[in-house]
Amino acid sequence: MISNTSSTPMLHGGNINLESIKRELPTTHNRRTKIVCTLGPACWSEEGLAILMDTGMNVARFNFSHGDHEAHGRTLTRLRKVAREKSRNTAVLLDTKGPEIRSGFFSGGQDKIVLVKGETIRLTADYSYKGDKNRLACSYPKIASSVTQGQQILVADGSLVLRVLECDIPTGEVLCRIENNATIGERKNMNLPGVEVDLPTFTDKDKDDIVNFGIKNRVEFIAASFVRTAQDVLNLRKLLNDNGGSQIKIISKIENLQGLQNYDAILAVTDGVMVARGDLGMEIPPSKVFLAQKMMIRGANIAGKPIITATQMLESMIDSPRPTRAECSDVANAVYDGTDAVMLSGETANGSYFREAVDVMARTCCEAEQSRNYNQMYHAVRNSIVRTAGSLTHGESLASSAVKTAIDVEAKLILVMSETGKMANYVAKFRPGVPIMCLIPNLTSARQASGLLQGVHTILVDSLSKPEELLDEVNFELVKSGMLTVGDLVVFIGGRMSGLNEQLRINGVTEGKSHGHFVMNSDEFFYNPKLILSYGK
């Protein structure tokens with residue numbers, strides 16, 4: 001079997017043989033890919049949240065398409081209580097509802113209407129109209145001037161397909177042919193594939209959620225729905241800065257063709273990306289979603305921006321204790337693509353088997369990670385950056401050297417000291433095959449780095465002003481926890497703002513000594529020596 005640090009060119013799968021298939025995975029504690037779990041009724045009790053943390057949740061997603069501030073606030077209080085009791089550092093992501101187009105309400109007290117293939121139905125922009133099987137309201141005022149004859153309109157996640165026959169702009173009505181038999185309820189989502197809809201990216205509700213919940217409760221990330229242009233990101237950044245939320249990082253959700261077309265510009269100004277495959281699969285052909293996923297992940301990897309792959313990854317586990325084979329392959333292929341994080345939605349929010357879903361996802365990520373060639377990955381990332389940008393930046397060059405050194409000397413750990421976490425981001429960008437430990441004095445940056453940066457574990461420290469004492473303390477804690485042994489090699493790198501003048505050196509682990517620089521009794525960030533390099537039990 002070829003080593004996973006080999007530089008020998010080979011086809012994909014060269015690190016996999018029968019033994020790797022038969023080998024039992026002993027633990028998931030060394031997982032590098034982060035897991036985002038959506039909170040909901042199935043798991044938002046204190047017991048459920050504890051299970052998610054023990055099984056491997058790194059980021060808790062609050063879906064603001066549902067619920068109000070009061071309900072989300074109660075969940076956040078429980079989350080932070082359990083995190084404190086278990087000494088877990090779980091980042092919080094607020095996912096905005098975003099602009100949407102929905103069908104209207106029904107007349108006569110109906111809760112469903114039955115539509116028959118081949119019949120026609122009119123869509124009206126008068127959203128006060130109570131509809132039936134012949135005419136249905138649409139919340140988008142410009143529906144008649146936006147669609148064209150022959151175009152498809154998808155309703156209720158594509159379970160109903162309509163074909164446009166006529167557009168009457170003066171009356172705001174669109175005549176459609178029903179393409180399949182369907183039964184739909186009220187207020188179902190509607191997609192207009194290929195149409196650049198004239199709706200604001202951030203609604204009044206979104207702004208209220210961001211300012212009066214997100215900023216107020218100091219969440220780590222805002223996932224901005226339906227980002228279509230770089231200006232959308234800049235507008236959100238201004239909203240955050242103007243309201244005391246400049247520390248919050250923006251994750252841009254790419255959900256339509258316009259967002260894909262403007263991806264490079266969006267990537268340049270966002271802090272991270274989510275491949276939101278649900279609505280994206282309605283806006284472009286489902287057979288092309290995997291291409292968009294690979295394109296976006298590659299771009300984010302080169303830019304050094306964390307990226308989340310989301311939607312239906314283990315969908316069947318909402319109702320089943322076991323995933324389909326295709327679902328596990330989907331998770332593994334996202335890891336192979338280079339995703340920093342994978343996300344569970346209904347599987348944890350509403351599923352009966354949320355514990356099993358997180359466990360399966362963690363194990364699948366680990367299996368994929370153990371079959372990657374990290375030397376080849378390092379060279380692939382470095383060469384792609386050079387080919388795209390022409391050269392490495394100062395920080396990238398130092399991080400690249402640290403990762404290459406770790407490969408060459410077979411180091412067990414890369415230790416980063418950074419004021420902001422930026423140097424840890426640089427190191428994670430080059431995808432080392434060993435854990436990255438980041439000592440950082442900034443609480444928010446510590447949560448963000450541990451939440452989404454691949455392979456990064458953070459420890460909050462009081463200051464970086466005494467680096468030799470910090471190194472001594474790291475040695476002491478690693479040896480005491482059993483994670484490393486005396487004599488193991490560690491590559492040490494210090495960021496520019498750490499006062500270490502961007503040092504890079506190789507240290508042998510010693511028994512060390514505690515100097516009290518690790519923040520162990522904070523009300524908001526926790527140190528658990530049993531989990532010093534682990535995301536699970």
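This is a predicted model: local features need pLDDT of at least 70, side-chain atom pairs count only at pLDDT 80 or more; totals for chains, interfaces and linings use all residues.
Which hand does the crossing have where H2 passes H13?

1. Packing of H2 and H13. H2 passes H13 in a crossing that is right-handed. The two helices pack with their axes 9 Å apart and at an angle of about 10 degrees. H2 and H13 are therefore described as roughly parallel to each other, since angles under 35 degrees fall in that class.

2. Packing of H5 and H6. The crossing of H5 and H6 is right-handed.

3. The structure holds 28 salt bridges, and one of them is formed by Asp54 with Lys86, whose closest N and O atoms are 3.2 Å apart. Asp54 belongs to helix H2 (residues 46-55) and Lys86 to helix H3 (residues 69-86), so this pair ties together parts that are 32 residues apart in sequence. The two partners may also be described by their accessibility: Asp54 counts as buried, at 18% relative accessibility, whereas Lys86, with a relative accessible area of 26%, is partly exposed.

4. The side chain of Asp271 meets that of Arg237 in a salt bridge, at 2.8 Å from N to O. This pair links distant parts of the chain, 34 residues apart: Arg237 is in helix H6, and Asp271 is in the loop between helix H8 (263-269) and strand E14 (272-276). Arg237 has a relative accessible area of 22% and is thus partly exposed.

5. Salt-bridge network. Beyond these pairs, a network of salt bridges links Glu46, Lys81 and Glu85.

6. Positive phi values. Most residues other than glycine have a negative phi. Ala156 has a phi near 55 degrees, a positive value in a residue that is not glycine. The place of Ala156 is the loop between strand E7 (152-155) and strand E8 (160-168), and with a relative accessible area of 13% Ala156 is buried. Arg187, also not a glycine, has a positive phi of about 50 degrees. Arg187 is found in the loop between strand E10 (182-185) and strand E11 (190-191), and at 33% relative accessibility Arg187 counts as partly exposed.

7. Nonpolar surface patch. Which residues form a nonpolar patch on the surface? The patch is formed by Ile16, Leu18, Ile21 and Tyr336, which together have about 420 Å² of accessible area. Tyr336 is located in helix H11, residues 325-337. At 39% relative accessibility, Tyr336 counts as partly exposed.

Definitions and conventions:
Residues are numbered from 1 along each chain as its sequence is written. Side-chain values use heavy atoms; hydrogens and water are left out. Patches are made of residues with over 30% relative accessible area and no salt bridge: like charges are joined within 9 Å, nonpolar side chains (Val, Leu, Ile, Met, Phe, Trp, Tyr) within 5 Å. Accessible areas come from the Shrake-Rupley method with a 1.4 Å probe; for residues, only the protein chains shown count as cover. A salt bridge is a side-chain nitrogen of Lys or Arg within 4 Å of a carboxyl oxygen of Asp or Glu. Helices (H or I, at least four residues) and strands (E, at least two) are DSSP runs, numbered from the N terminus. Buried means under 20% relative accessible area, exposed over 50%, partly exposed in between (1.4 Å probe, protein chains only). A crossing is left-handed if the near helix is turned anticlockwise from the far one by less than a right angle, and right-handed if clockwise. Axes are lines fitted to C-alpha atoms, for helices over the stretch in contact, and angles run from 0 to 180 degrees between N-to-C directions. Angles under 35 degrees count as roughly parallel, over 145 as roughly antiparallel, 65 to 115 as roughly perpendicular and the rest as oblique.
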